[in-house]
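Please open the model in a viewer and keep the selection tool at hand.

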Amino acid sequence: MAEQTQDVVSIEIEGKIGLVRIGNPPVNALGAAVRQGLAQALETLGRDPQVQVVALYGAGRAFSAGADIREFGKPPVDPRLPDVCDRIEACEKPVIAVVHGTTFGGGLELALAAHARIGLADARMGLPEVTLGLLPGAGGTQRLPRLIALEAAIDIISTGRQVPAEEALSLGILDRLSQAGPRQAAIEAAQAVLDGSLPTRHTGEIVVTPDPAMIAAATARLGKKRPALAAPIKAVEAISHAGRPLREGLKAERALFMELMDSPDRQGLIHSFNAERAVKRIPEAGAPPRPVASAGVIGGGAMGVGIATALLQAGIPVTLVETNVEVVDQARAKVIGNLDGAVKRGRLTAADRDWLAGTFGTTTRLEELAPVDLVIEAVFEDIAVKTGLFGQLDRICKAGAILATNTSYLDVNTIAAATARPQDVIGLHFFSPAHVMRLLEVVVADKTAPEMVATAFDLASRMKKVAVRSGVCDGFIGNRILAHYRKAADYMLLDGASFAEIDHALEEFGFAMGPFAVADLAGLDIGWATRKRKAPTRPPEERYVAIADRICEAGWFGRKSGRGYYLYDDAGTRVPNPDALAIVAAERATAGVKARAFTQEEIVARYMTAMISEATSVVEDGIALRPIDVDAVLLFGYGFPRHLGGPLNHADRIGARLLVERIEAYAREDGHYWQVPRLLRQLAENGGRFDDLNKANLDGR
Ligand code: 3HC
C-alpha cells in the first residue's frame, strides 16, 4: 500500500521493507520539498514497528542529480541536505540506497550516508560540485575518504569526474551491482539485509588517517593549475579533516562550503552551467523539427572534414562532395583519421568506427546530394561562389531539404535569395575543429522557416553541441565581437604594450591563451584575409594597425609556418620572435607613437571593456536573443574563462556605470573606436544589470 508523504517522495511498505521513492522529474534534484519528504519518510518508517529495513531509490532516469541548483543564493529552507544525510546515517534501522543513472553531488552524498549501496549497471556517480565552484557540502568530503582509498577520493572530489558503476564497485563506493530495475533492486537488496547476506555499516564510524603528504601534494598540484580555482583546493582541505570524528569533520566541511557559496567563481560557474541550457529557449522551440537521417557536406577542407566527422559521430550518414578525386581522397582519409582518434581517446568503439566509416561516402558529383535531408556547405568564403552553389542545390536537392551554409560572416539573406526556397536556408556556423568545438551558431535569415531553426537545434543536440541563435550581421555573434576586441589588443600593442605582456595579462586573467598566441595558432593569414576584405569599407577615421599585415607579408603565418608573433620549439614553447618585435618598433615609428607602459590591470580593463561594448551592441541590435546567449558564444567558442561566466556576466560584476566611465575616458584618445552603446548607458542610468534582461527574455522574444 502506497502512502503519499509529498508528491516528490513516496513511501511504500512491503512486508518488513520500507521503500522510499524519490520522484522529482527530470533529474530528482533535492529541492526543499524532496528534503522535507525524505525527512518525513525516515521518521514515518523509523517509527513503524513492521519496518525493519529502509531502501531508497529514484524514479525516472536518475537516482538524483544532487542539490537543487536553483535554490543557491536564496534563503535556506530546512531541513538542509547535510541534516537529511545525517538522519539517514543515524537511523536505527538499516538504510540502503539503490542508485541508477545520474547520481551526482548531494544525490551521491545521500547514498554515502546510507548503510549499504547497490548500483544498477547504468549508474554514473560523481561529486561535480567543484565544476560549479563548490565542494561536496553534505558529507561527501568526509564519507567518501572513509569508504575508498584517499588517492581515489581526492581524484573524484577535486576533478568532479564521473565514475561508472563497475569502477565504483571496485573502488568500494558500491557494495553490489544489480541487474534489476530500481524498485525491484531495492526490494531484493533489502531482503538480502534481512537474511544477513548483505552487511551494513555506518560510514561515519570508519576511522581513517588521511596522509598529510598526499594532501599537500594534491594542494600543490591544484595550485599550479591555471586558473587556480579555489574550489578544488578547498575540497582537498575539507578531505584533510576526514581523520577527525565525523561531527567535527562535517562542521569543517560546512564552513568551507559556505565560503565557496559566497565566491564569485561559484556565481560564474553556475551562470556558465545555466547558459548552456538557457540558449535552448528560442521563439521557434515549439515548431516541429524535420527529420535528418542523411546529410551532405560540400567542401573537403578543415571545416568540411570536421563537420562530416561531427555528423557521423552523431550517427548521421554523410556524403562529402569535393571538386576532384585527389581532394576527395584526402578528405576521406582525414575523416577516417578523426574517427580513429575518437577510438584512441575511448570515445568510440572500434566496431562503431567501422560502422560509421561504412556510412561515409565521397563523390565529385553534386547531383548525388539529391536524396539527402540536410546539406551543409563549407566551401571558400566568396559570396559569388556560395550563391552559385546554392542556385545549383536549389535545382538538385529534394523538396524540404535543409540547405545550410557554414559561412563565418557572409550575408545568409543573400545566399538564401539565390534559391527559390529561402525558407529552407539557414546558417550553421561551426567552429574549428568542428568535431571538437562545442559551439554552433544557428544563423536565422529573414525568411528562414521556424521548423528549420527547430531542426538546427535538434541537430545540435544530437551532435552534443551548444547551439546559439544568431541574427544576420557581419561575423554573427562571435566573430563580430572578436573583430572588435581584437582591435583593442592591436591598439595597445601599437601604443607600447608588448604582445607578450598582453598575452600574459589575459592568460593571468583566465584565458587559456592570449590573443596574439591564439592568432599564431589559428594562422595569421586568416585575419589578414578578413582585413583585406574589409579594407574597402573601412571608415577613414578608423585607426589601423598594420603590424599583423607586415608579419604576414614576411611570409610568417604563425605556428603552421614555424613563426609569427612568437618562435616555437618542438615542444610548443614560445619566445617572442625578434623580427616581429622589430616590426612592432618600426610600425610605432611610422605612426609617430611614443611607446608607453601598460599595467596588467589596464590591459585587462581595455580588452574586456572592448569585448563587453560590442557584446552589448549585439544584444541591442537584436542579433543575440539575450545577454546569456552572448555569454554562451564566448564560453563555448572562444575560450572565455568559465568561472567568469561570459563577458556580459562579467560586465555585471564591473557594473554598467564604471564601464561607461571607462569608455568615455578611452574615447578621449580615440572617439571613433570607443563609443558607449545605448543599452549600456541605459543600464548605467537605471542601475540595471544584464542579468535582468536574461530574466525578462528567458522565453525568447
Ligand atoms: N538542480 C536543479 N536543476 C537541475 C539540476 C540540479 N542539480 N541538474 C539538472 N537540472 C535541470 C537542468 O537545468 C535542466 O533544466 P531545463 O530543462 O529547465 O533546462 C534539466 O534539469 C535537465 O538537465 P540537462 O538538460 O542538463 O539534462 P542532461 O540529461 O543533459 O544532463 C545532468 C543531466 C547530468 C544531471 C546535468 O544536468 C548535470 O550535470 N547537472 C548538474 C549536476 C550537479 O552539478 N550536481 C551537484 C549539485 S551541487 C550539490 O549537490 C551540493 C551538495 O554537495 C550540497
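A salt bridge is counted here when a side-chain nitrogen of Lys or Arg lies within 4 Å of a carboxyl oxygen of Asp or Glu. With that in mind, select Asp86, Glu89, Arg143 and Arg247: a network of salt bridges links these residues. The model on display is a predicted one, and the salt bridges in it come to 45 by this rule.

**Stop 1: the domains**

Colour the chain by its domain assignment, which gives domain 1 (2-265), domain 2 (295-470) and domain 3 (478-622 + 625-698). Between the centres of domain 2 and domain 3, taken over C-alpha atoms, the separation is 30 Å. Their contact draws on 11 residues from domain 2 and 10 residues from domain 3.

**Stop 2: the interface of domains 2 and 3**

Keep these two domains in view. Together they bury about 910 Å², and 65% of that area is on carbon and sulfur atoms. How many salt bridges cross the interface of domain 2 and domain 3? The rule finds 0 there, while 2 residue pairs are in polar contact between the two domains. Next select strand 18 (439-443) and strand 19 (466-470), each of which supplies at least two residues of the side of domain 2 that touches domain 3. Strand 19 gives the most to that side, with 3 residues.

**Stop 3: the nonpolar cores**

Select Tyr565 and Val630. In the largest nonpolar core, which has 80 residues, these two touch the most other members. Then highlight helix 24 (residues 600-620), which gives the most to this core, with 11 residues. Apart from it is another core, of 65 residues; to find it, select Ile11, Leu81, Leu112 and Ala153, which are among its members. In soluble globular proteins, nonpolar side chains tend to be buried together.

**Stop 4: helix 26**

Move to helix 26 (residues 647-654). Because 7 of its 8 residues are buried, this helix is largely enclosed by the rest of the structure. The buried residues of helix 26 are Pro647, Leu648, Asn649, His650, Ala651, Asp652 and Ile654. Just after helix 26, select Gly655, where phi is positive, at about 100°.

**Stop 5**

Side chains of opposite charge can pair when their charged atoms come close. Begin with Arg117 and Asp175, whose side chains meet in a salt bridge at 3.9 Å, N to O. This pair links distant parts of the chain, 58 residues apart: Arg117 is in strand 8 (residues 116-120), and Asp175 is in the loop between helix 6 (165-171) and strand 11 (176-178). Arg117 counts as buried, at 2% relative accessibility, whereas Asp175 is partly exposed, with a relative accessible area of 31%.

Now select Glu451 and Arg290, which form a salt bridge at 3.4 Å, N to O. Glu451 belongs to helix 17 (residues 450-462) and Arg290 to the loop between helix 11 (264-278) and strand 12 (295-298), 161 residues apart. Glu451 is partly exposed, with a relative accessible area of 26%.

End with Asp629 and Arg626, whose side chains meet in a salt bridge at 2.6 Å, N to O. Are these two residues buried or exposed? Asp629 counts as buried at 0% relative accessibility, and Arg626 is buried with a relative accessible area of 0%.

Terms used:
Residues are numbered from 1 along each chain as its sequence is written. This is a predicted model: local features need pLDDT of at least 70, side-chain atom pairs count only at pLDDT 80 or more; totals for chains, interfaces and linings use all residues. Side-chain values use heavy atoms; hydrogens and water are left out. A nonpolar core is a set of buried Ala, Val, Leu, Ile, Met, Phe, Trp, Tyr and Cys residues joined through side-chain atoms within 4.5 Å. Buried means under 20% relative accessible area, exposed over 50%, partly exposed in between (1.4 Å probe, protein chains only). Helices (H or I, at least four residues) and strands (E, at least two) are DSSP runs, numbered from the N terminus. Domain bounds come from an automatic or database domain assignment. Contact means heavy atoms within 4.5 Å. Buried area is the accessible area (1.4 Å probe) that two parts lose on being put together, summed over both. A polar contact is a pair of N or O atoms within 3.5 Å; within protein, one must be able to donate a hydrogen and the other to accept it, and residues adjacent in sequence count only if both atoms are side-chain atoms.
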